[in-house]
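Open the model in your viewer and keep the selection panel at hand. The stops below go from the whole to the parts.

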Number of protein chains: 2
Amino acid sequence: VVVQLTGNKRISERSLERLSLYRRALLLRTSGTGDSVYSHQIAAACGVSAAQVRRDLMAVGYSGTPTAGYDVARLLESLSAFLDTQDPTSVAIVGVGDLGRAVINFLAHRRPKLHLVAAFDADPDKTKRVVHGIRCHAMADLCDVITEHAVQVAILAVPAAAAQEVADQVVACGVKGILSFAPTFLRLPPGVVVERVDMTVALEKVAFLACKSVRAKRTHR
Amino acid sequence: VVVQLTGNKRISERSLERLSLYRRALLLRTSGTGDSVYSHQIAAACGVSAAQVRRDLMAVGYSGTPTAGYDVARLLESLSAFLDTQDPTSVAIVGVGDLGRAVINFLAHRRPKLHLVAAFDADPDKTKRVVHGIRCHAMADLCDVITEHAVQVAILAVPAAAAQEVADQVVACGVKGILSFAPTFLRLPPGVVVERVDMTVALEKVAFLACKSVRAKRTHR
């Protein structure tokens with residue numbers, strides 16, 4: 001699937017995912033000033049080929065040299081300029097069960113350009129609480145809080161049966177992107193981006209590949 | 001990425017994932033005897049095209065007819081015969097924090113052919129407990145329990161810093177497939193299948209598509 005960018009540029013979704021991986025790998029490196037990195041080192045840290053790394057990095061508009069590699073600081077800058085929005089993106093999460101708490105713990109305060117600003121839950125026992133530094137609001141306040149914080153992306157950590165209704169609500173409040181952990185397909189208006197994280201499909205796939213395929217010829221991701 | 005099957009057959013990983021989705025959608029249908037379903041109905045429930053559904057279903061060896069569609073019961077049988085192993089696959093999970101508990105709750109007792117048989121945690125306060133019906137063992141008992149239950153697939157819900165060591169341990173005990181939620185690349189011997197569920201990459205992707213792309217021309221999955 002290809003994503004259309006400004007200036008008539010395009011990038012595949014897989015390439016976009018890999019750029020996120022490269023950045024994380026670079027951020028985890030302990031680096032000094034003037035530190036450099038070669039495509040084969042990024043490749044080894046992310047489980048892809050060096051040629052793939054070089055192809056993907058062409059999209060961000062910073063090229064290394066075959067002898068000196070990439071300057072780490074400049075590469076990180078270019079990756080962030082490409083991946084991040086100028087202003088931070090405000091994110092909210094709906095559902096503060098085990099999964100919601102895990103996601104909040106995972107994502108809160110990790111990326112300077114992704115601000116987790118609010119959580120919501122239907123359970124009155126959970127609202128008015130603060131979970132890993134994020135305030136949990138009642139569903140009745142959904143639109144007010146989303147509008148106040150100009151939330152653009154919502155994470156759904158709700159049961160499958162509630163997912164469509166919650167998705168419709170956040171979209172009606174102006175949310176443009178949804179990351180859903182609910183094991184169900186969401187019907188949404190065109191222009192709203194939905195990405196699903198599907199644990200059961202992932203587990204069935206691993207079980208199939210580990211137990212039923214003759215030879216799982218895959219690149220570890 | 002193509003997976004090699006017995007009898008010189010092949011299937012793509014994406015097709016495999018979609019077959020899991022189709023089965024889940026069919027299982028959620030309230031159906032009577034002799035109930036039938038058309039490819040366009042499965043397509044609408046899963047957010048793909050009808051032609052894609054028909055192509056994917058060719059792999060499982062049961063074809064419907066243009067006039068009567070697919071018999072639901074026979075299609076489910078064919079899908080399960082294709083996707084499932086003959087004997088149930090034993091699964092264990094390592095890490096019983098918020099995420100581990102969410103995964104256990106998600107997966108326990110959901111699929112007849114995927115048996116979540118044991119959990120493990122490094123925290124002595126968590127071991128000897130039972131979480132959503134699954135007993136939590138100490139890490140010291142990892143190999144004994146994995147061997148006893150013939151565990152083939154392990155789910156890693158541990159911090160990134162611990163993931164490689166835990167992966168090495170479960171592989172040394174005979175595990176052939178790993179589903180990892182840790183945001184890090186795992187180096188494993190050939191023949192071991194690794195699937196990653198990467199929340200931060202998924203969130204960065206949604207934020208990018210919702211806020212930076214001119215036109216996100218994607219099929220909702």
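Predicted model: local features only at pLDDT ≥ 70, side-chain atom pairs only at ≥ 80, totals over all residues.

Residues are numbered from 1 along each chain as its sequence is written, chains are lettered from A and ligands numbered from 1 in the order in which they are written, and side-chain values use heavy atoms, with hydrogens and water left out.

**Stop 1: the interface.** Select chain A and chain B. In contact (heavy atoms within 4.5 Å) are 79 residues of chain A and 79 residues of chain B. The area buried between the two chains is about 7500 Å², 65% of it from carbon and sulfur atoms; buried area is the accessible area (1.4 Å probe) that two parts lose on being put together, summed over both.

**Stop 2: a salt bridge.** Show the side chains of A:Lys205 and B:Glu13, which form a salt bridge at 2.7 Å, N to O. The term means a side-chain nitrogen of Lys or Arg within 4 Å of a carboxyl oxygen of Asp or Glu. Across the interface of chain A and chain B there are 12 salt bridges.

Stop 3: Helices here are DSSP runs (H or I, at least four residues), numbered from the N terminus.

**Stop 4: two helices of chain A.** Select H1 (residues 13-28) and H3 (residues 50-58) of chain A, which pack at about 100° with axes 10 Å apart. Axes are lines fitted to C-alpha atoms over the stretch in contact, and angles run from 0 to 180 degrees between N-to-C directions. H1(A) and H3(A) are therefore roughly perpendicular, a term for angles of 65 to 115 degrees. To see the contact, show A:Ser15, A:Arg18, A:Leu19 and A:Tyr22 of H1(A) with A:Gln52, A:Val53, A:Asp56 and A:Leu57 of H3(A).

Methods:
Parallel < 35°, antiparallel > 145°, perpendicular 65-115°, else oblique.
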